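Me: Could you help me read this protein step by step? I would like to ask a few questions and see how each answer is reached.

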Amino acid sequence: MGTLDTRIAVITGAAGRIGRATTAVFHREGATVVGLDVRDQQTDCDHFICVELSDEDQVAAAFAEIDERYGRADVLFSNAGVALAEDDNVLRTSLDAWHRTIAANLTSMFLVNKHGIPLLLRDGGGALINTASLLGTMGSAVPGISYTATKGAVLALTADVAVEFARRGLRANSISPGPVETPLFTDGLDEAGRQRRLVHVPTGRFTEAEEIAEAVAFLASDRASHINGIDLKIDGGMSVAYVTPED
Ligand SMILES: NC(=O)c1ccc[n+]([C@@H]2O[C@H](COP(=O)([O-])OP(=O)(O)OC[C@H]3O[C@@H](n4cnc5c(N)ncnc54)[C@H](O)[C@@H]3O)[C@@H](O)[C@H]2O)c1
């Protein structure tokens with residue numbers, strides 16, 4: 001028996017690396033998975049909807065389609081996001097890059113929460129997991145100022161949701177991954193860049209997408225029944241490291 005048997009689980013960013021890994025773990029745990037993504041690619045989701053998540057009409061239509069098909073949702077993993085190559089420090093980042101990052105990482109989070117939470121509340125609650133990032137709380141010498149700002153905002157947004165709907169049975173938590181072995185992080189990263197970042201990770205390696213998926217499946221399940229309003233860091237100890245072991 002899986003920990004998510006009979007659950008209807010919605011994953012945004014389902015065509016991406018963490019979305020795919022989470023789909024596999026959710027399936028293993030017995031869930032039916034509905035995937036949303038702007039990239040209309042082959043996924044293993046039971047039902048896939050191609051949607052631009054920063055467009056309210058499209059998001060509303062996607063959740064109406066889920067409502068019509070399943071009548072409810074039990075788990076919502078709001079995971080879609082971008083890290084633009086041109087997102088740099090506060091002096092060098094263009095307003096265009098800022099707006100595009102806000103749209104993809106924050107407006108989409110707001111709209112997915114806005115239109116997804118009513119489906120979670122339909123049967124007395126459910127589990128919401130919003131994807132932030134370690135960069136939401138930590139500064140970085142290799143900055144993406146827009147990305148950082150959006151992820152900090154995701155933490156604040158999730159805390160509000162966690163308090164607002166707790167007595168209606170909704171648990172809302174965020175996750176803050178450190179660097180994960182996915183193209184969003186590794187594209188354009190040379191060996192010197194990898195080593196520059198790896199020195200900060202006590203375990204000496206980056207997180208695998210499957211390790212994010214396992215943590216999300218835990219937060220989505222009844223095993224996390226009284227976990228509400230937390231931000232779960234998945235970073236190999238990076239966020240508490242002053243120095244890391246050399247061997
Ligand atoms: N990879 C990392 O190192 C890392 C670290 C911390 C947080 N995260 C976060 O994890 C999440 C997933 O990242 P990933 O590594 O799987 O990246 P990914 O690029 O593989 O997947 C992200 C997916 O989101 C989709 N998406 C982006 N904007 C969208 C929009 N406006 N509408 C619909 N779909 C949209 C993309 O098409 C893509 O399929 C992101 O929110 C990212 O910020 C990643």
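Me: Which residues of strand 4 (residues 75-78) are buried on one side, and which on the other?
Reply: This is a predicted model, in which local features need pLDDT of at least 70 and side-chain atom pairs count only at pLDDT 80 or more, while totals for chains, interfaces and linings use all residues. Residues are numbered from 1 along each chain as its sequence is written. Strands here are DSSP runs of E with at least two residues, helices are runs of H or I with at least four, and both are numbered from the N terminus; buried means that 20 or more other C-beta atoms, placed from the backbone, lie within 10 Å of a residue's own. In a regular strand, side chains alternate between the two faces of the sheet. Strand 4 is covered on both faces, with these buried residues: Val75 and Phe77 on one side, Leu76 and Ser78 on the other.

Me: In which sense does strand 4 pair with strand 5 (residues 126-131)?
Reply: Two strands pair if DSSP finds at least two bridges between them. Strand 4 and strand 5 have four bridges, and leucine 76 has leucine 128 as its bridge partner in strand 5. The sense of this pairing is parallel.

Me: Which residue of strand 4 does valine 10 stand opposite?
Reply: Strand 1 (residues 8-12) also pairs with strand 4, in the parallel sense and over three bridges. Opposite valine 10 stands leucine 76.

Me: How many residues does the largest nonpolar core have?
Reply: A nonpolar core is a set of buried Ala, Val, Leu, Ile, Met, Phe, Trp, Tyr and Cys residues joined through C-beta atoms within 7 Å. In the largest one, the residues with the most contacts (C-beta atoms, placed from the backbone, within 7 Å) are Ala9, Val10, Val75, Leu128, Val216 and Ala220. Its size is 55 residues.

Me: Which residues come nearest to the ligand?
Reply: Around the ligand there are 27 residues, counted if their C-beta atom, placed from the backbone, lies within 6 Å of it. Helix 1 (17-28), helix 3 (95-121) and helix 5 (183-186) each give two or more residues to this shell. Those that come nearest are Gly13, Gly16, Gly81, Thr182 and Phe185.

Me: What is the radius of gyration of the protein?
Reply: For C-alpha atoms, the globule rule is 2.2 Å times the number of residues to the power 0.38. With 247 residues, a compact globule would come near 18 Å, and the protein agrees with that, at 17 Å.

Technical notes:
Buried ≥ 20, exposed ≤ 12 C-beta atoms within 10 Å, placed from the backbone.
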